Amino acid sequence: MNLPRAHANPLIGLSSTLLALAVSLLATVVLLVVFGSHPLSALMSFFVGPFSSPLAWGNTLNQSSLLVLTGLAASVAFGAGAFNLGGEGQVYLGGLAALAAALFLPPVWGALGILAALVSGMVAGAGLGAVSGALKARWQADELITTFLLSASVVPVVDSLITSPLFGAAGSFLITSRKIPQEFWLPGLLAPSNLHWGALLALPLAVIFGVLVNSTPWGYRLRLLGRNRAFAQYTGLSMASYSLLPLGLSGALHGLAGALGVLGTQHALVQGFSSGWGWNGIAVALIARTNPWAVVPAALLFTFLDQASRMVVLQGQFPFQLSALFQAAILFFITAQIVRRRS
Amino acid sequence: MAPNSPAVLASLVRLSKTFADNGVRAVDEVSLELQAGEVLALLGENGAGKTTLMALLAGLEVPDSGEVVLASGQPPSLKAGIALVQQHPPFAPELTLWEHAVLGLPGRFPGKKAARSLLEASAARWGFALNWDELCRDAGPLALQKATLTAFFLHPLTILILDEPTAALGPAEARSLLASVRAWVRENHACAVFVTHKLHESLEWADRVAVMRAGRLVATTTPADSSLEALSSLLFPRRQRPQVQESLPAPAASLPPVFMAQGTRADFELRGGEILGLTSLRGEGAEELEEELTGLADLPEGRLFLAGTDVTTASIAALRRLGLSYVPSDRMGRGSSPYSALASNVIPYQVTRLAPGGILRSHSVRGYFRELAKRFSLQGEPGQRLVTLSGGNIQKLIVAREMDHGPKVLILAEPSWGLDLEARRELYRLIRQAARAGSAILILSSEPQELLEVCTRVGVLREGRLQGIRLVEHWTSELLGRELLGVVN
């Protein structure tokens, strides 16, 4: 399995990433100019649109904070050589657990209830990740397969629970759960955008994980595991606990992202609300070469591209698929670069 | 030569090959002619260069100098009629045997039915009964080897090379395979070369026997002019034992053994300051023993004691805490992280110490590397990636890491594989130094000569069992060679 490797010389790694980004931006501009009926205004709305109003850049920041979390989640797992492809399900299950806590805890708990709901989300995500870790520790089941399959089977279960009497709104035909009590809403920032106080968690978490992974004995062992599993085992690492740990942590971060989506943005669990967060987190982790420090700029960049292409699409000049096309261009150049280095 | 001297199918002319990654001259000026209608056996110790020579003949490796001249004038390749059947043919586990066999067949894919009937006809000629619908994953090495061989015969072949073809076979199967090979050679005026370390096999089935040692062809003879005895001393010549520079003081017998195996296939007692060497031919149990003694695999029988503690079922971490250090034969796969920095490769047992307050400080990591580098004269900068070092320097780094914390027991497996003379000398000096410092040392090596140079006691593993340990003074390389091959007077 090909993993992006952090280069021994970080400057070389950084410059080649920047080069890949420059090339993909150039490709985007070319697409805009060639296919746009008004190239100049398309370029304007692409590059300026995401920052044009508090609404626009509040939403950009909110979305990138979630991508920081799922990007960290993927980075932690990938860096330790564990392929967590179950982000989607872990986010969704985390959202469900947070919803359950917020619906059934007494509203008077206030901030404590918020904390409890966030922790529930993390525990649920971690639990789902840890199941794959345990399967790997016990039966050497490939986590690439098990995380994906577990996630794929969790999604429809959560879908059906949302509208069940337990969580659903009576008599509603919307595919959403009941609203959670206002006491448990994360306070908004920059109204009318989606940004909320919970988004501020992303930055300190990135710093904490950056330090943990890059500068602690524990992070050293995780990186060793990612670089050469047989060597890690030879030095005496317990393969069982180090199978559980990265997947559990990764699941916890995914779960937290789901919980924040419920408490901060939707205030309910809307079916499919987190669709794509897990996969985009993987893209962010790849751009960041699994280094937690680089996840923040990678997430900002990825969100900017996403929002920018939406802006262009909203202008009506381009088909809806354009946004995906731009992201594909970026991923293409980043991964092409990895392949070249490996060969 | 007889007046009607047989046609030469291929001439190897002064072939040489040095591997860039470790600087070892695997094949050194070898010239040899392969004649139509003959079966040639190629004998040699592990690492003598047999496999490399055969890869050169088959066109799978390119020689640094010299050439392979075929009677047809073509460059050597499968297309030119030369096939090499590896000891462990590579395969795709999910393919059936017939799919495996038709992979890489020249021309258009013949279709399942046609392919099957071709294969079955070819297999019948060889007397192979194969279930062609079996998955490669389930087939086992023997069936795979047979399927691979069968597939090669769909090509027009003139030279067939078999690398250790009978290693996995029982005596009856080995006979039938070699008999078929000989019949095919005679019938088609072709040539077959088989690489082996079984002397009696080469005497029984070959028309000529070639012996390689340290990359050179040292003799070609015929079974009629040779014997088990003669071949054995060609393989393991009587050599002057090199003077051991500094002799090690014998450990007091009253000292309790620090490392001990009881009731296993290879029982031993090892005291501090001793260097015990165990040697075996490839595939005779040394690989398994390496993993069993170091906690990577379970001991099938018996018990293992380290520093007075029963460690039969102990984890690797527990073994290391008790003072076991280990230099594995697989340096890049198991003994290091090739794409990590040198500093990352030396600190796994030091990380907690280097991280006061839980934060690993890069200046203390670099400082530790520099200090270790100074003491063991290691090459490179702390941030340099390990793969950029030569094989000898990588091995020295691993040995330094394993010796640094003054191990009670140090196990080294194939410690000098791929090292040049200078690097070996340095390695042996380090091993003696560790023994003098009180470590008990166990070396597993397929090179008997090196054990005679560095060990205080030596034993032979044959067919997975230890055949008895003697003081090094009581061995000669000739005796060791006979014990290895199981040649009894």
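Two strands pair if DSSP finds at least two bridges between them. The model on screen is predicted.

**Stop 1: the sheet in chain B**

Select strand β13 of chain B, residues 303–306. Two bridges join β13(B) to β14(B), and the two strands run antiparallel. With at least two bridges required, the two found here let this count as a pair. Now click B:F305. Its bridge partner in β14(B) is B:D310.

Four strands make an open sheet in the order β11-β10-β13-β14 of chain B, with antiparallel pairing. Which strands stand at the edges? They are β11 (268–270) and β14 (309–310) of chain B. Each has a single partner strand, so one side of each is left without a neighbour in the sheet.

**Stop 2: a hairpin in chain B**

Move along to residues 457–462 and 465–471 of chain B, which are strands β18 and β19. They pair in the antiparallel sense over five bridges. B:R462 stands opposite B:R465 in β19(B). Two residues lie between the strands of this hairpin. Pick B:E463 in the turn: its phi is positive, about 50 degrees.

**Stop 3: a salt bridge in chain B**

Select B:E381 and B:R370. They form a salt bridge, with the closest N and O atoms 3.4 Å apart. B:R370 is in helix α11 of chain B, while B:E381 lies in the loop between α11 (362–376) and α12 (391–403), so the pair ties together parts that are eleven residues apart in sequence. Over all chains, a search of the whole structure finds 27 salt bridges.

**Stop 4: where chain A meets chain B**

Show both chains. On one side are 17 residues of chain A, in contact with 32 residues of chain B. The two chains bury about 1800 Å² between them, and 61% of that is on carbon and sulfur atoms. Highlight A:Y220, A:F231 and A:Y234. In chain A these three lose the most area to chain B, together 37% of what that side buries.

How many salt bridges cross the interface of chain A and chain B? The rule finds zero. Polar contacts are there, though: eleven residue pairs between chain A and chain B, both residues at pLDDT 80 or more.

Next, colour α7 (202–215), α8 (217–227) and α9 (229–234) of chain A. Each supplies at least two residues of the side that touches chain B. α8(A) gives the most, with five residues. By class, this side of chain A has eight nonpolar, six polar and three charged residues.

**Stop 5: confidence**

Colour by pLDDT. Chain A has a mean of 83, and 89% of its residues reach 70 or more. Among its elements, helix α4 (residues 87–104) of chain A has the highest mean pLDDT, 93. Helix α13 (residues 322–342) of chain A has the lowest, 65. Over residues 339–343 of chain A the pLDDT is below 50, and this stretch has nine contacts in the model beyond near neighbours in sequence. Now go to residues 1–11 of chain A. There pLDDT stays under 50, and the model has 26 contacts beyond four places in sequence.

Switch to chain B. Its pLDDT averages 85, with 92% of the residues scoring at least 70. Select residues 240–245 of chain B: the pLDDT is below 50 here, and the stretch has nine contacts beyond near neighbours in sequence. Where pLDDT is low, the predicted coordinates should not be read in detail.

For the complex, the predictor gives an ipTM of 0.78 and a pTM of 0.71.

Methods
Residues are numbered from 1 along each chain as its sequence is written. Chains are lettered from A and ligands numbered from 1 in the order in which they are written. This is a predicted model: local features need pLDDT of at least 70, side-chain atom pairs count only at pLDDT 80 or more; totals for chains, interfaces and linings use all residues. Side-chain values use heavy atoms; hydrogens and water are left out. pLDDT is the predictor's confidence in each residue, from 0 to 100. Contact means heavy atoms within 4.5 Å. Buried area is the accessible area (1.4 Å probe) that two parts lose on being put together, summed over both. A salt bridge is a side-chain nitrogen of Lys or Arg within 4 Å of a carboxyl oxygen of Asp or Glu. A polar contact is a pair of N or O atoms within 3.5 Å; within protein, one must be able to donate a hydrogen and the other to accept it, and residues adjacent in sequence count only if both atoms are side-chain atoms. Ala, Val, Leu, Ile, Met, Phe, Trp, Tyr, Cys and Pro count as nonpolar, Asp, Glu, Lys and Arg as charged, and the others, Gly among them, as polar.
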